Amino acid sequence: MAAASLPAAQPAALRAARRFASQYGLIAVLLIMPVAFGIHDLRTEGDLSRLGNNLEDGLSNGSIWALVAIGYTLVYGIVELINFAHGEVFMLGSFVAVRLFGTIGLTAATGVPGLVVGLIVTLLVSMIALGVLNVMIERVAYRPLRNAPKLAPLITAVGFSFILQNVGLLWRGGSQQGIEDLINSQAELVNLGGVSVTHGDMLAVAVTIPLVLAMTTFIARSRLGKAMRATAQDPDAARLMGINVDTTISATFLIGGMLAGAAGLIYALYQTTIWYFQGFTAGLIAFTAAVMGGIGNIRGAVLGGLIIGFIQQISDNRIGTEWTPAIVFAYLVLIMVFKPSGLLGEQTREAG
Amino acid sequence: MSAAAAATTAADPSSSGRPKLPREARIGLAVAAILAGALLPLFIDGEGGFIDDATVALAYVVMALGLNIIVGFAGLLDLGYVAFFAIGAYTMGYFGSLFHITANNGEGIHILVSGPAANLPGIHVNFLIIVVLAIVATTIAGMVIGLPTLRLRGDYIAIVTLAFGEIVQRIAINGDDIKVFGSQLTAGRQGITPVDKIDLPFLAPFNSLELRPWYWVAFALVLIALFVNFRLRDSRLGRAWIALREDEVAAVSMGVPLVKTKLLAYGTGAAFGGVSGAFFGSYLNTVNADQFQFSFSIFVLAMIILGGLGSIWGVVVGAVTLSFINNRLIPDVLNDVPAKIGLNFDLTELSFGIFGFLLVIMMVLRPEGLIPERRRQIELSAGIEDLAVDEESVYEARVP
């Protein structure tokens with residue numbers, strides 16, 4: 001590797017091939033599955049509606065991953081830490097939301113206006129609850145270790161993820177639980193040329209888009225958002241400029257936790273089953289999404305989330321649900337090998 | 001290479017706050033510990049739960065010493081160590097069970113086995129040969145998993161190794177659907193069982209009633225692992241690992257070969273996981289996909305964190321402690337505590353929450369572990385004023 005980075009050491013053709021591979025390799029790898037299955041569909045069924053359905057399901061599923069991935073990417077951008085506990089925060093988001101449905105008294109029989117108000121209240125409360133939880137995790141597990149070697153906060157993150165998983169286990173037991181299908185999520189809303197859009201898809205997109213827009217505007221425009229970007233770039237310089245770095249980091253964790261809480265609510269309504277272990281896989285999938293888009297880059301996280309949702313749907317639908325995690329992780333390894341900086345990311349110090 | 005050694009030395013202010021025992025005392029302590037360990041089974045019941053827990057603890061020590069090479073010495077955080085456990089265990093399952101029942105037209109293949117296994121169908125190979133096969137398989141696997149991480153640093157390595165661990169587990173779970181040469185790849189969640197008992201030359205095959213021989217085999221594996229760990233740590237390779245851990249750029253510019261050094265760390269560390277995995281396969285009498293979960297990697301990681309990253313004796317203490325907490329303290333001693341204070345749950349369900357808590361507490365309060373490696377203790381806790389270097393201790397650190 002050390003020798004490979006010396007430019008004169010390799011012939012021009014090889015260098016061009018390398019450059020090509022590093023620029024378009026990831027896109028080519030990503031296109032393998034849809035193109036292969038698209039051709040397969042055209043030959044066997046004559047149209048692309050199955051692939052279209054996969055794509056549409058992937059978009060709604062992917063918007064959940066996008067919300068979780070933003071949490072990873074924000075935290076990584078600002079403290080260069082993979083917040084392993086983030087998947088578990090998402091899991092608790094589902095649990096809190098389901099608990100709140102019970103408290104408010106939402107059932108499948110509730111009328112549409114009541115349902116909408118109830119869902120918005122639940123969304124806000126669970127977002128705040130999970131945001132606060134994420135801030136507390138940062139206070140307890142990461143802040144004391146800010147100047148320790150990099151391994152240390154990563155290990156506490158893993159530790160915290162196990163603690164939260166066990167909280168979930170104690171809360172709702174060790175098996176998958178079905179919850180009441182409040183929005184009748186599998187019912188078809190519209191049918192666009194063979195592509196069926198369900199209530200669940202609609203909800204996922206309808207919650208995600210405003211949240212992501214609000215969040216990006218907040219980071220781009222507000223004073224705190226500016227402080228976040230400054231801290232991400234150089235914490236020491238930011239401190240010298242009078243930015244309260246600790247508050248800024250807390251705010252980042254707050255936003256990440258809020259988005260994970262929202263994602264947890266959508267997930268609960270969309271899948272209608274929840275269990276304590278959902279956060280582990282979801283966390284890894286969302287992390288893959290964040291890396292795919294380029295870690296530290298919010299638009300990248302959204303793009304990565306959607307792509308991963310798509311990959312996941314294709315694999316669920318055609319290869320088998322039991323293989324999906326392996327396929328997603330294989331993509332993760334491939335990205336790490338060929339383009340650790342991701343689709344939209346710049347070279348980071350870590351991924352170099 | 002001498003330059004690299006010099007760099008290591010320069011980055012190594014080897015005096016610490018802890019008074020250092022004289023060499024004779026340390027050797028005496030080590031010999032006493034080894035004797036005590038070897039003679040322990042003579043004083044306890046050969047069937048009871050205690051020797052079972054002790055044997056499992058020793059097998060975990062081997063595994064933790066392996067992970068210590070990767071994480072403690074070379075500083076590569078590996079969260080997918082369970083992959084090597086799985087590969088070692090499956091080596092045992094493939095070459096020492098009824099799994100390939102159609103092999104050799106149902107008559108079986110037998111290589112240097114005695115006892116009941118010699119008449120069964122399937123492939124049955126002597127345990128020592130299986131250990132060698134497991135070492136080869138896991139070393140290769142370790143290097144393959146290491147390759148994609150060569151360009152990466154820090155947390156990215158953790159994620160890639162974690163992803164590999166998950167992929168291996170997925171293959172283990174779903175392997176019963178994959179047909180290779182007409183037989184299943186793995187037995188999935190059903191597990192390969194029964195697995196051959198250990199069968200050493202000149203000794204009768206082991207059985208599951210008399211556990212002392214199992215203990216001594218595990219103890220011998222621990223001694224080998226300890227020997228290799230100590231020799232490697234003080235070798236040129238070990239110093240190269242530590243140099244890479246401390247500062248990769250500096251180490252590489254001093255001439256430490258990055259690719260070779262890192263891959264050797266993965267390979268050697270993985271080999272111990274494989275040996276221990278083969279032992280576990282035989283001892284637990286099953287090779288089951290549900291054994292190979294992410295939490296297992298964290299369990300082993302917690303052992304070396306508890307004991308002290310990079311500190312060999314610390315890792316031994318950490319592994320024995322956690323193994324006993326997991327197999328004895330939580331299920332047998334503390335399990336009815338929640339019921340007594342009026343809570344309705346089983347403490348065993350929460351064991352990984354407890355380990356997670358332990359990881360957090362250790363990292364926040366005592367990141368250097370119970371028995372810290374001296375170099376890391378300085379790095380983590382001591383201030384500049386404590387870094388008085390005296391020539392003798394620098395020399396001692398390299399040639400103990």
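Helix axes here are lines fitted to C-alpha atoms over the stretch in contact, and the angles between them run from 0 to 180 degrees between N-to-C directions. With that in hand, here are the close-ups of this predicted model.

**View 1. Helices α7 and α10 of chain B pack against each other.** Helix α7 covers residues 212–233 of chain B and helix α10 covers residues 258–284 of chain B; their axes lie 12 Å apart, at an angle of about 180 degrees. Angles over 145 degrees count as roughly antiparallel, and α7(B) and α10(B) are therefore roughly antiparallel to each other.

**View 2. Residues where α7(B) meets α10(B).** From α7(B) come Trp214(B), Ala218(B), Leu221(B), Ala225(B) and Leu232(B). Facing them from α10(B) are Thr268(B), Phe272(B), Val275(B), Phe279(B) and Tyr283(B). Sorted by class, this contact has nine nonpolar residues, one polar and no charged.

**View 3. Chain A meets chain B.** Here 38 residues of chain A are in contact with 39 residues of chain B. On the chain A side, α5 (151–172) and α12 (324–338) are the elements that give two or more residues. Of these, α5(A) gives the most, with 14 residues. The chain A side has 29 nonpolar, six polar and three charged residues. For the model, ipTM is 0.83 and pTM is 0.85.

**View 4. Two stretches of chain B with pLDDT under 50.** Chain B has a mean pLDDT of 83, and 88% of its residues reach 70 or more. Please read residues 1–17 of chain B with care: pLDDT stays under 50 there, and the model has 43 contacts beyond four places in sequence for them. Over residues 383–400 of chain B, pLDDT also stays under 50, with 20 such contacts.

How values were computed: Residues are numbered from 1 along each chain as its sequence is written. Chains are lettered from A and ligands numbered from 1 in the order in which they are written. This is a predicted model: local features need pLDDT of at least 70, side-chain atom pairs count only at pLDDT 80 or more; totals for chains, interfaces and linings use all residues. Two residues are in contact if their C-beta atoms, placed from the backbone, lie within 7 Å. Helices (H or I, at least four residues) and strands (E, at least two) are DSSP runs, numbered from the N terminus. Ala, Val, Leu, Ile, Met, Phe, Trp, Tyr, Cys and Pro count as nonpolar, Asp, Glu, Lys and Arg as charged, and the others, Gly among them, as polar. Angles under 35 degrees count as roughly parallel, over 145 as roughly antiparallel, 65 to 115 as roughly perpendicular and the rest as oblique. pLDDT is the predictor's confidence in each residue, from 0 to 100.
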